[in-house]
Amino acid sequence: MNEAEAHVVREALALFLTHRQVAINARELNLRGLLPSASKCTNSTRGALWTKDGLAYLLKSPIHVGNRVYGIELFDGERKRLIDIVTYQQAQNLLASRAQVLRNTGTRTEYLLQGLLCSYGCGASFTPGSTTKASNGKRYRFYSCSMRDTYGRAHCTTGNLLPSRTIEECVVERIAEVAADCQLAQRV
Ligand SMILES: [Zn+2]
């Protein structure tokens with residue numbers, strides 16, 4: 001790694017600690033022209049830009065702190081230490097905590113609209129739930145009004161449960177329509 005490459009890596013680490021998101025970090029580096037080093041380029045003729053995965057790999061790669069990896073332990077290698085170890089370690093902690101958040105929230109992603117729906121009867125939030133039909137063992141997912149769930153149907157005019165698949169498909173379809181409209185508007 002030469003000094004120009006080290007500059008890119010240093011900026012990448014610093015920006016990551018500011019923006020805390022790899023995707024935003026990648027966009028920012030591309031905008032500033034701080035691109036991946038030539039050795040990491042593909043054969044693409046339009047020149048390599050940072051991708052989210054490519055940048056995450058760089059941020060994790062311990063070679064940039066002048067260390068070599070031997071198993072899980074890090075020893076000082078022969079490379080000149082081009083990156084500040086404290087900055088590097090902060091970035092590692094951040095990457096690890098973000099991965100943990102994704103793992104934690106990943107378990108509930110089957111409820112696409114969790115936290116986004118409001119009861120049209122009373123304005124309270126809809127919460128996800130599910131029930132399993134005894135006769136066939138099939139699981140049904142739904143959203144229901146939290147007010148109605150807690151205080152009973154007298155407190156809300158919203159009907160019973162909202163089947164989650166129906167409402168999710170409806171919302172996704174609408175978002176796709178809006179996105180298509182935006183693209184159309186940009187072309188015109
Ligand atoms: Zn309600």
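**Helix α2**

I began with α2, where I found Val22, Asn25, Ala26 and Leu29 buried; I count a residue as buried if 20 or more other C-beta atoms lie within 10 Å of its own, as exposed if 12 or fewer do, and as partly exposed in between, with C-beta atoms placed from the backbone. Looking down the axis of α2, I saw that its buried residues fall within an arc of 100 degrees, so they line one face of the helix, the arc being that of the directions from the helix axis to the C-beta atoms. An α-helix has 3.6 residues a turn, so residues three or four places apart point the same way. I then looked up what covers the buried residues of α2, and α1 and α3 are among the elements that do. Just after α2, I noted that Gly33 takes a positive phi of about 75 degrees.

**Model and numbering**

I kept in mind that this is a predicted model, in which local features need pLDDT of at least 70 and side-chain atom pairs count only at pLDDT 80 or more, while totals for chains, interfaces and linings use all residues. Residues are numbered from 1 along each chain as its sequence is written. The average pLDDT of the protein is 75, and 73% of the residues score at least 70, pLDDT being the predictor's confidence in each residue, from 0 to 100. Over residues 39-46 I found pLDDT below 50, and this stretch has four contacts in the model beyond near neighbours in sequence; two residues are in contact if their C-beta atoms, placed from the backbone, lie within 7 Å.

**Elements**

I listed six helices and five strands, which from the N terminus on run α-α-α-β-β-α-β-β-α-β-α. Helices (H or I, at least four residues) and strands (E, at least two) are DSSP runs, numbered from the N terminus.

**Cores**

The largest nonpolar core has 15 residues, and among those with the most contacts inside it I noted Val9, Leu13, Phe16, Ala26 and Leu55; such a core is a set of buried Ala, Val, Leu, Ile, Met, Phe, Trp, Tyr and Cys residues joined through C-beta atoms within 7 Å. I found that α1 (3-19), α2 (22-31), α3 (52-60) and α4 (85-106) each supply at least two residues of this core, and that the largest share, six residues, comes from α1. Not counting residues up to four places away in sequence, Ala26 touches Trp50, Thr51, Lys52 and Leu55. I also found a second, separate core of five residues, including Tyr143, Cys145, Cys156 and Leu162.

**Ile83**

I located Ile83 in the loop between β2 (73-76) and α4, and it counts as buried because it has 20 C-beta neighbours inside 10 Å. Ile83 and His7 are 76 residues apart in sequence, yet I found them 8.9 Å apart in space, C-alpha to C-alpha.

**Sheet**

I traced an open sheet of three strands in the order β3-β4-β5, with antiparallel pairing, where two strands pair if DSSP finds at least two bridges between them. Its edge strands are β3 (126-132) and β5 (162-163), each of which pairs on one side only. Between β3 and β4 (residues 139-145) I found antiparallel pairing over seven bridges; the partner of Thr131 in β4 is Tyr140, and that of Phe126 is Cys145. The hairpin of β3 and β4 has six residues between the strands, and in it Gly137 takes a positive phi near 70 degrees.
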